[in-house]
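Hi,

Here is the structure I promised to pass on. Have a look at it first, and my notes follow below.

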Amino acid sequence: MGLPAAKGRVFLAGILVALLLAVLSITWRIGPNRSQASARAELPVVGSYENLIKLLEKTQGQYLYGYGRMAADNVAKVANEAAAPQAAGAPADVPDFSGTNLQVAGVDESDLVKTDGTYIYQVDQQRINIIKAQPAETMALAATIGFTDAGFQPAELYVDGSRLVVIGTRVTPMPYPMPYGELVKTSIYPPIYSTQMTRAIIYDITDPNHPAELRQLELEGNYLSSRKVGSSFYLLSNKYINYYSIQEHPLAAPVWRDTVQGQEYVAEKYEDIRYFPDCINPNYLMVAAVDLEQPKRAADISTYLGSGEEVYASVDNLYVAVQKHDYGIQPRMGEMMLDRPAESTTTIYKFGLQPGKIQYLGSGQVPGRILNQFSMDEHKGCFRIATTRGEVWRNDQYASSNNVYILDNNLQMVGRLENIAPGEQIYSTRFMGDRAYMVTFKKVDPFFVLDLSNPASPQILGKLKIPGYSDYLHPYDEKHIIGFGKDTIELKTGGDQSQAYYQGMKIALFDVSDVANPVEISKVLIGDRGTDSELLHNHKALLFSAPRSLLAFPVTVMEVKGSTVMPGMQPFPAYGSFSYQGLYVYNIDLINGLQLRGRISHLSGQDYLAAGDSWYHSRKNIERALYIGDTLYTLSGDLVQAHDLASLALKNTLYLGSR
């Protein structure tokens with residue numbers, strides 16, 4: 001009797017242990033999002049091709065912005081030292097080095113150039129250059145990755161320890177699905193069609209001199225965005241659906257390919273495709289997750305009937321925003337149609353990020369349209385978003401106004417701050433902890449300081465009005481912020497009317513210690529009308545380090561020779577002629593403000609002599625800069641140069657050659 005009873009107790013104990021482990025396993029998989037995930041209602045499924053057609057009928061006649069942007073549009077909480085890149089496990093003897101300028105510390109973003117402190121990895125047209133950068137005196141091209149698939153165009157990359165991820169697009173021939181494929185066999189048209197694919201290729205770079213391909217992941221559609229948190233890589237694509245075309249040729253089910261699961265393309269099943277009832281778009285949003293440390297694990301892939309335009313990610317969650325402009329039915333007054341603009345709304349989809357997995361959690365909606373990824377932020381369980389409503393050119397009830405909305409963990413509205421700067425529109429926003437900074441513009445640049453510490457009652461703390469505007473705001477520290485944008489002048493256009501015209505590039509350092517009275521403590525102006533920098537459109541072009549008092553970015557300078565105003569009946573600012581292309585390097589601190597340290601150009605004297613009034617995208621245009629130790633590296637398509645970081649003296653030049 002004793003032995004069987006003991007065995008029974010052991011068996012019962014084993015069951016209890018197994019149950020406990022199962023609970024712990026579920027808790028680990030769900031992580032911090034488990035309450036949301038368990039509480040959310042499951043999205044409905046498309047189910048069938050016939051139901052897809054019925055759903056898409058609802059979108060006809062609606063005016064939707066985009067349906068997803070091409071890769072070129074996405075080439076879009078302090079980015080301290082680019083989120084400590086050495087945390088990835090660099091050896092102790094690797095010097096300090098810079099990383100990509102990030103929106104959120106710990107959330108990596110893809111870029112044209114990355115470094116691990118010894119090697120530099122660069123996208124160069126249809127190849128990847130791997131450059132042995134240290135020591136600078138013996139800098140050399142260690143390896144190149146070419147692509148046998150001639151249609152593949154690399155766009156961006158990541159470096160994560162011993163892994164290199166290359167992201168690009170290609171147009172892929174695809175066989176028509178049955179039964180339409182049988183019909184085209186008897187016609188003059190080939191039984192294939194072409195479709196855009198977003199591809200990620202993962203390499204082992206344990207030996208950077210001999211990179212080895214590990215796997216490929218492909219999602220049908222245009223490249224939307226990507227993020228990397230730790231070793232988890234997340235990829236998103238958009239595939240537009242032509243409603244009229246698919247009624248004749250049923251090609252709407254998107255395909256994907258994960259070489260860990262096989263070399264063939266897999267078409268999504270309609271019963272596995274879900275849709276967002278509140279925002280049905282003629283588009284497929286595909287999201288995928290891969291754990292880079294487990295190259296043999298299948299990718300986690302899901303597809304939604306819906307769209308994405310801007311992407312924001314925290315360490316825990318990823319948000320996809322899509323805008324809708326509803327023109328509705330225009331009211332009539334007699335025979336006159338009232339001039340009412342579209343009512344814009346932004347829908348936000350929330351996805352929980354887990355190691356190698358991504359899970360839809362819910363959605364929310366706010367009035368207005370957003371500018372870019374910096375219009376969104378997550379802080380202390382709340383999601384914050386800045387929008388603009390109305391039109392900037394109007395002066396009636398439909399004139400533009402700007403707003404900040406605060407949503408809770410389930411994307412339900414908890415607070416709002418509306419009607420900021422009526423008649424203007426947002427040019428840049430930066431959320432920093434309990435504060436937000438916003439720049440609006442029409443004729444002058446109001447720089448607003450917002451208090452978001454109480455999500456239910458956000459407040460304006462102060463503002464500063466100055467000429468010009470900022471396209472991008474970057475934190476210097478908790479009490480100072482840097483603005484990058486354009487200078488402006490205001491000219492009379494007749495009577496009491498005036499118009500603001502942009503001029504050269506402007507960099508300003510703001511002191512927000514006194515939140516009620518922000519102050520511009522330093523500014524510099526570069527060039528005249530026509531001067532431009534990628535930094536004004538892409539934050540990744542910035543190199544910044546407060547401890548090193550370093551600020552650098554590429555710029556194309558245009559200068560006016562003679563009068564800055566064109567002759568004529570109406571005054572109009574003159575455009576400048578090409579003067580310079582290269583990297584501007586500044587010292588920056590709170591005592592001396594912004595001081596030009598020097599300029600670096602890859603163009604030769606002959607290049608400048610041959611240049612005309614305008615300039616174009618040359619392979620000698622500096623695109624990125626980074627530092628490793630005390631060496632500053634500048635990169636263009638044709639050259640890599642190493643400079644002394646303090647004096648900017650040239651140490652070495654590596655010629656990559658034109659392709």
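**Around Y580**

Y580 is buried, with a relative accessibility of 8%; buried means under 20% relative accessible area, exposed over 50% and partly exposed in between, with a 1.4 Å probe and protein chains only. Please bear in mind that this is a predicted model, where local features need pLDDT of at least 70, side-chain atom pairs count only at pLDDT 80 or more, and totals for chains, interfaces and linings use all residues. Residues are numbered from 1 along each chain as its sequence is written, and side-chain values use heavy atoms, with hydrogens and water left out.

The structure holds 26 aromatic pairs. Rings of Phe, Tyr and Trp (its six-membered ring) pair if their centres lie within 6.5 Å; planes under 30 degrees apart count as stacked, over 60 as edge-to-face and the rest as tilted. Y580 and Y608 make a stacked pair, 6.0 Å from centre to centre with 15 degrees between the planes. Y580 belongs to strand β39 (577-589) and Y608 to helix α6 (605-610), so their pair ties together parts 28 residues apart in sequence. Helices (H or I, at least four residues) and strands (E, at least two) are DSSP runs, numbered from the N terminus. Y608 is partly exposed, at 25% relative accessibility. Both tyrosines belong to one aromatic cluster, whose members include F578, Y584 and W615.

R599 lies over the face of Y580, 3.7 Å from the ring centre; for this, CZ of Arg or NZ of Lys must be within 6 Å of the ring centre and within 35 degrees of the ring normal.

Elsewhere, a cis peptide bond joins Q134 and P135, with omega about -5 degrees.

Best wishes
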